[in-house]
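Please read the following report with the sequence and the model side by side.

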Amino acid sequence: MPGTGTPTPPDAPGRPTADTAPGTPTEAGEPEPDQGPGTTGEAAAEPRGGADGAETGDGTTDQAAAEPEDGAGDAAGDEPRDGTTGEAAAEPRGGADGAETEDGTSGEAGAGAEGSAAGAGASGGGGEGGEAAAPGVSEAQAELAAQRVERERIARRKAEREHPVDAGGKLSGRAADLLAAVRAVESGAKAPGLTFDEAPAAPRRAAPAPPPAPRPRAAERPVGDIGAVRAVLARGGAPEALAGPAAEALGEGAAERLSEDPWRLLAVPGVRPAQADGFAQALLGPAAGPADERRGAALLDWLLAQAAERGHTALEAPVLEKALAQYGVPAPGAALEAAIGDGAVLVFHEPLGEPVAEDEEQPVRVLVGLEEHALAEESLADGLARLAATFTGPADWSRAASGPGAELVRAVAAAGLVTHTGGEAARAEPRALLEAARGLGLRAVLAAHAPAPGAVTVAELLAGTGAPGRDADGRFELDLLVVLDAPQLDVETAAALVESVPDGARLVLSGDPGVLGSAGPGRVFADVLAARAFPHVVSRTPDPGPIGELVSGIGVGELNQVDAPGKEVVIVPVRDAGEAVHRTVQLVADSVPRAFGIPAEAVQVLTPGHGGPAGTRALNAALKERLNPGPGRFGGFDPGDRVVHVPAPGGALPARVVSADAEGLHLDAAGARIVVPKDRVESRVRHGWAVTAHQAVGSRWPAVVVVLPGDAAQALSRDWVYTAFGRAERHLSVVHGVEQALAHAVAQVPPKPRTTRLTGLLRALAAAQREQA
């Protein structure tokens with residue numbers, strides 16, 4: 001346990017680097033489990049009873065996703081009592097399903113994909129089967145080109161199809177052709193069926209296709225007729241409150257789509273399979289059965305969407321088949337084949353291990369994913385390769401390569417894409433690079449995940465509200481882009497960012513690989529590091545002081561005692577959650593300001609979750625009562641309240657309430673005025689004296705109080721502790737009630753894996769470039 005004592009230095013002077021992505025997203029703005037600091041239980045493919053995803057009285061949850069229910073569950077759209085959600089791995093359950101949380105966020109799920117894409121080779125599957133590669137084209141190039149051919153065929157199929165395939169109908173025409181292409185192997189032979197229980201044949205080759213156009217931005221879907229949607233929901237016994245979300249999720253013609261295919265209700269955030277089944281039975285009567293093809297397609301899409309919330313961009317086909325079977329789909333393999341053939345999902349064959357001899361069969365794994373994530377990963381891989389390839393040659397930056405960051409300056413002088421890892425102190429190195437580049441007359445921009453001095457946020461950069469401008473081609477007018485907090489980049493954001501960097505410009509991705517991962521799907525920074533295709537600079541700058549020493553040890557799995565003569569690290573033992581709340585308020589309002597001269601508004605409280613007796617909700621209520629009491633005149637808020645604004649999943653902007661009127665809630669965020677409309681206050685604003693570690697990533701405070709009540713033990717992991725403790729600059733108080741669970745989490749609970757394809761795509765592109773050289 002950390003505390004005053006003899007220091008034990010970490011193994012390395014800087015924080016460790018890693019090729020695995022930390023963290024798993026679950027919730028908009030704060031992607032760890034929204035379960036309060038309650039006890040959670042994980043399982044894999046084993047039946048359960050009891051409430052499914054519902055929070056217990058003390059804020060605990062059972063983590064699950066992709067698990068079938070034995071009962072009808074709650075009415076579609078009902079929210080759990082305290083906004084907690086569940087997480088799991090393709091496991092059956094009984095009882096009610098967790099729905100959307102009361103603050104507009106959704107629960108963790110994802111059919112429990114195993115492992116990650118790190119170490120995989122080029123991806124494949126789903127293109128023109130049996131076509132020979134053009135002369136001089138490598139297998140990696142052919143494989144990537146085949147993916148693009150498949151995209152084009154799916155786009156044509158979707159453009160020509162006006163109605164979904166009828167339930168019970170057989171695939172024909174283009175759908176049958178596509179399914180045949182998916183089944184094809186390198187020899188051109190057609191398999192009798194796609195069997196995922198066995199290793200598929202080696203990836204097929206296809207004629208190369210021209211480079212694709214830049215990935216188009218997803219246009220906003222027209223909102224459907226809410227009145228008509230409300231009428232359909234009423235016929236099926238679903239709450240009227242789902243009308244707006246359903247019209248937004250399904251777009252124009254939403255009412256007709258729901259009438260024809262009631263399982264489309266699963267596209268609405270928070271709706272679970274048991275609820276969609278009940279809705280379908282009310283609309284269709286006896287015709288609504290578990291074998292309905294519409295049900296299988298909707299479940300498959302839902303499983304992949306839930307997986308994306310947990311950070312996966314794809315899932316292994318056997319995992320999906322198992323999950324479909326547990327939801328009562330009688331022929332899961334056929335349901336998966338039909339979805340692939342119809343273009344609803346995409347399939348990829350990823351080689352495993354090292355390349356084998358020509359007369360041997362290459363082991364592969366079959367991955368299935370949604371089109372938007374597949375396109376984003378491929379666009380990102382292409383964009384990163386483009387920046388590395390369009391670099392015109394080394395520049396003479398020798399006079400700028402001195403002092404902190406000299407190694408990074410030299411690396412960027414010689415390459416178009418560079419990765420950089422290190423702890424909080426290492427952030428000075430990218431800043432030194434920025435100043436050196438500007439001194440040489442280059443247009444250099446610094447971007448960060450959260451507001452930081454001298455930096456524009458990534459969200460502002462993409463929205464065009466921060467420098468730089470864009471040229472006629474829509475790309476940034478810059479010569480160097482340095483991105484801090486790179487582990488927080490999800491695949492969609494990273495793809496949009498890289499697409500906007502012009503040819504010949506330099507890109508630096510910098511971050512601490514030990515912190516929690518992105519809120520959205522993907523493990524971009526870790527995948528780029530794992531591909532080992534670009535120059536990588538590891539900082540040797542250690543974080544100073546007792547807090548830096550403590551956090552560095554946590555990064556290598558050691559919870560060391562540190563010598564803190566100035567009480568930089570203080571442990572506050574507590575017996576229960578009530579005492580934890582009391583001591584936290586005392587620390588923030590009195591002890592820390594009195595002992596260290598740090599005002600209460602500069603002290604940040606962190607805790608594992610939102611629900612429970614010592615979650616963010618309970619802590620914020622107690623802190624508001626002490627620091628800014630008031631009646632909560634506007635949606636529970638008063639002028640002067642410290643809040644967090646979550647404009648989109650993955651973004652948490654600290655702010656303070658200024659006023660409220662008919663227009664909405666007026667916030668001040670570091671001098672910038674924000675107006676949150678009335679109807680969005682509940683889902684986008686929450687009190688901010690206490691936040692989760694995911695909301696805190698990218699920010700630091702003079703003093704931090706980390707609250708660990710006893711029921712938080714199962715929610716802890718090494719990356720969570722590393723992130724939370726590392727937010728403190730001068731003082732860290734740990735309100736400690738988890739006994740040995742803290743040391744256990746640091747030593748033995750690694751980040752949860754994510755299944756992605758980016759590493760394999762980057763390795764394939766790098767291999768293709770080497771073959772061309």
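## A helix across a sheet

In this predicted model, helix 12 (residues 428–439) lies across strand 6 (417–421), strand 7, strand 9 (480–483) and strand 10 (506–511), and it runs at about 160 degrees to strand 7. Contact here means heavy atoms within 4.5 Å, axes are lines fitted to C-alpha atoms, for helices over the stretch in contact, and angles run from 0 to 180 degrees between N-to-C directions. Helices (H or I, at least four residues) and strands (E, at least two) are DSSP runs numbered from the N terminus.

The open sheet has six strands in the order 8-7-9-10-6-11, with parallel pairing, where two strands pair if DSSP finds at least two bridges between them. Strand 8 and strand 11 stand at the edges with a single partner strand each, so one side of each is left without a neighbour in the sheet.

| Edge strand | Residues |
|---|---|
| Strand 8 | 456–457 |
| Strand 11 | 536–538 |

Strand 7 (residues 444–448) is joined to strand 8 by two bridges, and the two run parallel; A447 stands opposite V456 in strand 8.

The charged end of R757 sits over the ring of F348, 3.6 Å from its centre (the rule asks for NZ of Lys or CZ of Arg within 6 Å of the ring centre and within 35 degrees of the ring normal). W302 and Y327 are both buried, that is, under 20% relative accessible area with a 1.4 Å probe, protein chains only.

Residues are numbered from 1 along each chain as its sequence is written, and side-chain values use heavy atoms, leaving out hydrogens and water. Because the model is predicted, local features need pLDDT of at least 70 and side-chain atom pairs count only at pLDDT 80 or more, while totals for chains, interfaces and linings use all residues.

Note on methods. Buried < 20%, exposed > 50% of the residue type's maximum accessible area, 1.4 Å probe, protein only.
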